[in-house]
Amino acid sequence: MRVVTWNLWWRFGSWAERQKAILAVLRELRPDVVGLQEVWSTDAENLAEWLAGELGLQWTWAASEASDRWQRRIGDPGVEVGNAVLSRWPVVEQDVLRLPAPEELDDGRLALYARLATPSYEVPFFTTHLTSATDASALRRQQVTALAEFVAEHRDGTEFPPIVTGDFNAWPDSDEIRLFGGYKTAPAAPGQVFLDAWEYADPTAPSATWDPANPYVHVSPPVRIDYIHIGPPGPGGLGHVRAVRRAGDGPVDGVWPSDHAAVVADLADALTARPAVGEPW
């Protein structure tokens, strides 16, 4: 099962040209399920719906309840922002969690849950986007606690481990990532742990998903802030990480798709006959 997470940078920059570049990257990856953040929607078009149509995938999305704070940044009150899931399989259940935040930092960050009905089992899949303020680690700890409890409410009834994707806006050794993982400190939800899929990456591979090598990133050291988290493997290693790497980390026909790189991971399953990332198709 090929899983991708990607923050698409909403309607910032040359968004119409970037839209084509985003599609080109996803088409090459041929994912089974994708968690997307900063997805835009207007009365006429939804980016997730368009991508799903082009890729032959199903989709669902959830809009921020505070899109106005985003709209003021581009001067367009007609564009919503939210999270989305694209899936090769039907979405049979979904739910949305608005993440906690004080009024001065509340720009409608959320977590989207989609339960995916594969022919062999259901997959509890989540995508989220945490607060971005550099000094907001304490708030992100509150958000990952709420997220962990949200996952715990929806993870049962299947042998496939829950998958949690998203832009956590936090360094890998931060308190909030350690708290959500639950294996380097006490877990946010009792008895629930998540492995950062990047633990399986080639240690020499470039890891930064927010990188000043990207011309849209102006002030930052290179850092990995986008994650695919997976619960402990199910029977026979179901959900075990086979390979992981970055994607969308360069220009497509001269256009960088987003200010973030994507993360793509191949998970062991009983469904999808495909090579691991980096192996010939």
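Predicted model: local features only at pLDDT ≥ 70, side-chain atom pairs only at ≥ 80, totals over all residues.
Residues are numbered from 1 along each chain as its sequence is written, and side-chain values use heavy atoms, with hydrogens and water left out.

Strand E8 (residues 163-167) runs antiparallel to E10 and is joined to it by 5 bridges, while strand E9 (residues 195-196), also antiparallel, is joined to E10 by 2 bridges. Strands (E, at least two residues) are DSSP runs numbered from the N terminus, and two of them pair if DSSP finds at least two bridges between them. In E10 (residues 226-230), 5 of 5 residues are buried, where buried means under 20% relative accessible area with a 1.4 Å probe, protein chains only. Asp226, Ile228 and Ile230 lie on one side of E10, and Tyr227 and His229 on the other.

## Strand E4 and its partners

Strand E4 (residues 80-87) is largely enclosed by the rest of the structure, because 7 of its 8 residues are buried. Strand E2 (residues 33-41) is joined to E4 by 7 bridges and runs antiparallel to it, with Ser41 opposite Glu80. Strand E3 (residues 58-63), likewise antiparallel, is joined to E4 by 6 bridges, and here Gln58 stands opposite Ser87.

Technical notes
Buried < 20%, exposed > 50% of the residue type's maximum accessible area, 1.4 Å probe, protein only. Helix = DSSP H or I, 4+ residues; strand = E, 2+ residues; numbered from the N terminus.
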